Amino acid sequence: MSEKQQRLVYSIIEFLNQSIQDGTVKSDDQESLEVAIQCIGEAFGVDPSSSEQTKKLSVKPATLQSIFDVFIKTRDKVSTPQASSGPSSQPSGPSADEKAQAEKFKQAGNAQMSSKSYDTAIESYNKAVALDPINPVYYSNRAAAHSSKGDHLSAVGDAEKAISVDPKFVKAYHRLGHAQYSIGDYKAAANAFERGLKLEPGNASLKSGLQNAKARITDGDSDEEEVQSPDAAGAAGAGLGGLGGMGGMADMLRNMGGGAGSGGMPDIASMMNNPQLMAMAQQMAANGGLANLMQNPAVANMMGRVQSGNMPSMEEIMADPNLRQLADQFGAGMGGMQ
């Protein structure tokens, strides 16, 4: 069951519960509807009483009704052709006066946006659109106003309308991506940013938006599982200095010195993120080398100091001939893993 499906079911259950509470449903039918709500929730694994699911699945401040209203309005705007007076007549565009008046309404809306009067700004942009419905800027600005007040679904509708009016209007793709990102549809957001970048490859805002959206896309939302490249894996272990081309474990430990850890010790988080070091640990565990290592008196003494809070520095470790010999043997045994 995908999260998107559960979001839809959660919104349906919210709508049905609201219909019971506000009296939309007759009292005689409420019990039957409550049973239906319970069955729907169980069938799709949705529990509206769960605070965890509410946080994960709720689309507030939007509601199922508002989503449907946006869909109807957008469909009507995009698909309904203007009536023509004859077979050869063409729909006339706005006159010069209408364009000038629409521009004044847009400027008023921009000023209202600056003062955070978002509802008033939307009204101004509505008037601009009514006078000049073929200017994508007015839809794009209205999308920004909707997003500013948290109504991202309406922003999606206006951004898509701006694109339908002018597919080359780059800012509309950013508005669309931002709105999709805000409602949690990261894959759709990434798609919007990518479409904009095809028109303007150097756009920094679109690049940043795409990077953020891709970072939030989960394995369940993506069509392909992202595999970390060797270069990326190496970068993740940069705090260790890497193992490739080093003469042995002693050299590796020396190069790890001066990290974020206490007393010149390496950064443990970086060590855990280094795929090469983790592979070495797995190999040691598999062949019993890890158990033998922990029985070594020199290692036991060092671990005792760590547990007592007396963290040895890297210089102390490398100055201990027993530990240094152990590190050289261990490095040789691993064969300089790349």
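Helix H8 (residues 152-165) packs against helix H9 (residues 170-182) at an angle of about 155 degrees, and their axes are 8 Å apart. H8 is therefore roughly antiparallel to H9, since angles over 145 degrees count as such. This is a predicted model. The crossing of H8 and H9 is left-handed.

On the H8 side they are His152, Ala155, Val156, Ala159, Glu160, Ala162 and Ile163. They meet Ala172, Tyr173, Arg175, Leu176, His178, Ala179, Gln180 and Ser182 in H9. By class, this contact has nine nonpolar, four polar and two charged residues.

A second pair joins H5 (residues 96-114) and H7 (residues 136-148). These two helices are roughly parallel to each other. H5 and H7 also cross in a left-handed way. From H5 come Lys99, Ala102, Glu103, Lys106, Asn110 and Met113. Their partners in H7 are Val137, Tyr138, Asn141, Ala144, Ala145 and Ser148. Six of the contact residues are nonpolar, three polar and three charged.

| Helix pair | Axis angle | Axis distance |
|---|---|---|
| H8 and H9 | about 155 degrees | 8 Å |
| H5 and H7 | roughly 20 degrees | within 11 Å |

Now the aromatic rings. A search of the whole structure finds one aromatic pair. Its members are tyrosine 181 and tyrosine 186, with ring centres 5.0 Å apart. Their planes stand at 65 degrees, so the pair is edge-to-face. Tyrosine 181 is partly exposed, at a relative accessible area of 25%. Tyrosine 186 is buried, at 16% relative accessible area.

Notes:
Residues numbered from 1 in each chain as written. Predicted model: local features only at pLDDT ≥ 70, side-chain atom pairs only at ≥ 80, totals over all residues. Heavy atoms only, no water. Axes fitted to C-alpha atoms, helices over the stretch in contact; angles between N-to-C directions. Helix = DSSP H or I, 4+ residues; strand = E, 2+ residues; numbered from the N terminus. Parallel < 35°, antiparallel > 145°, perpendicular 65-115°, else oblique. Left-handed = near helix turned anticlockwise from the far one by under 90°. Contact = heavy atoms within 4.5 Å. Nonpolar A, V, L, I, M, F, W, Y, C, P; charged D, E, K, R; others polar. Phe/Tyr/Trp six-rings, centres within 6.5 Å; stacked < 30°, edge-to-face > 60°. Buried < 20%, exposed > 50% of the residue type's maximum accessible area, 1.4 Å probe, protein only.
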